[in-house]
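Hi there,

Here is the structure I promised to pass on. My notes on the side-chain contacts follow below it.

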Amino acid sequence: MDLHIAGQPPERDERAAVDSVLGPLQLGKAESYHLQQERPARSQRHLLLPVLHAINSRIGWISPGALNYACRRLNLPPAEAFGVADFYGLFSMTPRPRVLIHVCDDIACLTGGAPAICEHLAGRLGPAGAAKPSDKLTWLRSPCLGLCDRAPAALVSAAGRKSWECALAPTSADALLAAAEQPERRPESPAVAASLSVPQQGQQGLHLLRRVGRLQPESLEDHLAEGGYEALRRAVDLGPERVIREVIDSRLVGRGGAAFPAGRKWEAVYRARSSQPTRYLVCNADESEPGTFKDRVIMEEDPFLLIESMTIAGLATGCEQGFLYIRGEYPLAFERLSHAVRQARKQGFLGKRILNLDLSFDIEIRRGAGAYICGEETALFNSIEGYRGEPRNKPPFPTEVGLFGRPTLVNNVETLVNVPGIVLWGGRSFAGIGTPRSTGTKLFCLSGHVARPGVYEVPFGASLAGLLDLAGGVAGNGRLQGVLVGGAAGTFLSPRELDTPMTFEGTRAIGAALGSAVVMPFDDSVDLSKILLRIAAFFRDESCGQCVPCRVGTVRQEEALSRLFGGHAEGVGQAPLQLAEIGQVMSDASICGLGHTASSAIQSALARWAEFSDLRQGSDPED
Amino acid sequence: MEKKKPVTQDSFPFIASAPSPTVPVPPGPIPAPPPAAPRNEVALTIDGKTARVPEGSTLLEACKTQGIDTPTLCYLENLNPVNVCRVCVVELEGARTLVPACSRRVENGMVVRTDNERVRLSRRMVLEFLASSVDVSTAPELQSYLERYGGQPERYGPAAPAAGEPEAGPAGVHAAPDGLTAATVAQPVKIDNDLYVRDYGKCILCYKCVQACGEEAQNTFAIAVAGRGFDSRISTEFSVPLPDSACVYCGNCIGVCPTGALMFKSEYDMREAGNWKESEQQRTDTICPYCGVGCTLTLHVQDNQIVKATSPLDQEVTRGHLCIKGRFGWQFIRGKDKKKSS
């Protein structure tokens, strides 16, 4: 391929940003840049996303000079690199101020104070994203930042040589402006006690959250003192086949939303070893489902647990390289995990000779850049490989053809952190917890109108009412209108359905899905039409745009909803039928799960609309 | 220090073993390649009838053997299926969702339905979605499918006012709908060179031009899909005009475009002037006069003038793809001073 790269040579900062990832360019004998690469340039495309991150945090946007230089270094056509960069919400292809305030206005924050912040910022700084590049700062609206337990939330970032990012929650317009006023200094994160996100902290009977608050997340010593790496030693003693047997016996199913039996994936990847020696492990930490923050809490509070779990999974299935793909909006979790990986490597728990045995496994952390779709496993592969985060058609499934075309084991964070327990106690005792078809304990994300929002761990089997009680009952005005279960891709349930068991089979029985275990109640003062419009807008924004049913369907869905709620005479009568048909084509004909579920919450709410309206009208009007 | 060896003929043994300039031609007929091993057959049921097709066939090919005309838009026989338009979906027993016929491989015992209510609804909706958001006036195939499935694109409301040039802002931002109109991809036509016109208001994002520009034909990579969701679009880097991009004007993107979004400048001008009469055009196959490859050209002739050049998709040499000379290099025939230009 002959590269055609036009434009000016890179400025010093632009070059430095790219070199910070790729190493300095060594100008030597050959004139062509890409002849200098140690490895064939084509194999380095997977570094595109890290390079784009480096450019964005140094320059503040993806400038042509920097992108062209990156293309030269990576031997990539600029049009392709542009298409990839332009895919991600955190990057801008046009100049913008160096300091950004991303205010979450997604469903939890919408009822948790975000509108007031947005209004205030709009008053001070003008409409979202409207600032001139020469301005000092600008603000943008953001989809869910995964801080729903501490709504309202925002992410502040400052680009430059000493760039920083900081999530602030709960926050206020004044706090945000104060942080943004001093771009040279990262704001002190207000000390957030782990107990704020984990109200059960320190209680008996916890398994996944047992150590939260008891250890310093940065400390490998604490991890070891609290039983860390015992499970890895046990797993090494047992050997791969026994470990996989235990995972199968545990009947652990994936916690990311699709509820696929984990053991079957492990076995398939292990079995592929004869034909495909190179296989990969991917930890899906792109937790972006609105209302979901369980994986963030694990990663922030107990990072070594995840690293150990990945190591067990990698050694058991014979993957020597693991990738941890974490969403770009989790700066603290990224920091702590990066630290944990470095520490583990240093102490011989990762790398070439794990535990001084002939065992090799290492982890590379990759950051997403603002794309919900990259939580879809095949979109995630494309994102790591340096392509647009567009899902692939299945079959073939990742266990056959996954990352870099190799058999790949993909597991969600919560799924993986169940593994040490399974290894230590045995799969059968794990299967004894919960219900026969939903084994183990489950993390639930409670936010919205509950008294004590946060992540709760319960053995499978608790009812929806039980979970709400655990979190202190319905807050707001205390009168429940409905509960969103499973996130934006989930289902609205009415107060009538509170005795639904929150298990995979229990939710399935009523046509709902556990999804990412979001439980978000709304009191009867909430105008649910606004929530539905926000969900519709979310899917329109987050559709990758590859297939027609989802690309156009999410647009038509939002339009039909606003026609319905706007009460426009023309077309209101048609809107429900249109919405039903749009929902059907999206769930039947889209490529991936985003399209399949993009109408789920809206359809479920409309099916219960009469009930919700009665409840709203029964309440006193606010204002 | 090692002594330097003198350079002799022996330093280059390959020179001695190189074939002599006159290669003898073996006598007899040109040997034929050994016959391909017969492919195993797969039996499946399509709309109640048993079909037997070679292993590795797609459902689309299997449907064809049954005389079923499956609509396709993003599919083209000379490109790898990307299965993004989803108009070819069929129902496969046991699958939770519909499956794309163009890329799904046949398996023994599959039970497929191609024309039930569920399939028809999805196809109709996909066609309505496209026709309500894209200008399909130069996409006769899409229009005929729309009619076949009874699509009513106007039911989504009148087209929203064109938003102008799509901007490369951050992905995932859009203005709230007004509750009256239907968003479209309408935008100004891009005319930045003398050979072809890009009218992305007619683009259904079938990805074929990107494939043809990239590794499936030209390996130039001048264009790619940029943006996300409904704002996705075909773009050069930073939307630079084509003359500033890597484009080599092979025109293979025009060759694969199913909607007329990419069009010869000559055709575009004639259409604008109302002189384009496709029904009166003759097509004549010839061989490209330029190099020794010998690509088949199909000349489209109207009023005794060549108005465009294509190549047949099933042509062994070209597979429908040409280079700038074959695609555009016929204008000299119309030159005023033929002697001078030939």
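**Charges over rings**

Arg616(A) sits over the face of Trp609(A), 5.1 Å from the ring centre. Arg367(A) does likewise with Phe334(A), lying over its face at 4.9 Å from the ring centre. Please keep in mind that this is a predicted model.

**Salt bridges**

Searching the whole structure gives 55 salt bridges over all chains. One of them joins Asp149(A) and Arg296(A), with the closest N and O atoms 3.1 Å apart. Asp149(A) belongs to the loop between β2 (137-142) and β3 (154-158) of chain A, while Arg296(A) is in helix α13 (residues 294-301) of chain A, so the pair ties together parts that are 147 residues apart in sequence. Both Asp149(A) and Arg296(A) are buried.

Glu559(A) is buried at a relative accessible area of 3%, and Arg556(A) is buried at 0%.

In chain B, Asp192(B) and Arg198(B) form a salt bridge, again with a closest N and O distance of 2.9 Å. Here Asp192(B) is partly exposed, with a relative accessible area of 23%, whereas Arg198(B) is buried, with 4%.

**Aromatic pairs**

The whole structure holds 18 aromatic pairs over all chains. Phe460(A) and Phe504(A) have ring centres 5.2 Å apart and planes at 45°, so this pair is tilted. Phe460(A) is in the loop between β10 (454-459) and α20 (464-470) of chain A and Phe504(A) in helix α21 (residues 504-509) of chain A, so the contact ties together parts that are 44 residues apart in sequence. Phe460(A) and Phe504(A) are both buried.

Phe129(B) and Tyr156(B) also make a tilted pair, at 6.1 Å centre to centre and 55° between the planes. Both of these residues, Phe129(B) and Tyr156(B), are buried. Also in chain B, Tyr196(B), Tyr249(B), Phe264(B) and Phe328(B) form one aromatic cluster.

**One helix**

Helix α15 (residues 331-346) of chain A has 16 residues and spans 23 Å from its first C-alpha to its last, close to the 22 Å expected. Its buried residues include Pro331(A), Arg336(A), Leu337(A) and Val341(A). Just after α15(A) comes Gly348(A), with a positive phi of about 80°.

Best wishes

Note on methods
Residues numbered from 1 in each chain as written. Chains lettered and ligands numbered in written order. Predicted model: local features only at pLDDT ≥ 70, side-chain atom pairs only at ≥ 80, totals over all residues. Heavy atoms only, no water. Salt bridge = Lys/Arg side-chain N within 4 Å of Asp/Glu carboxyl O. Helix = DSSP H or I, 4+ residues; strand = E, 2+ residues; numbered from the N terminus. Buried < 20%, exposed > 50% of the residue type's maximum accessible area, 1.4 Å probe, protein only. Expected span 1.5 Å × (residues − 1). Phe/Tyr/Trp six-rings, centres within 6.5 Å; stacked < 30°, edge-to-face > 60°. Lys NZ or Arg CZ within 6 Å of the ring centre and 35° of its normal.
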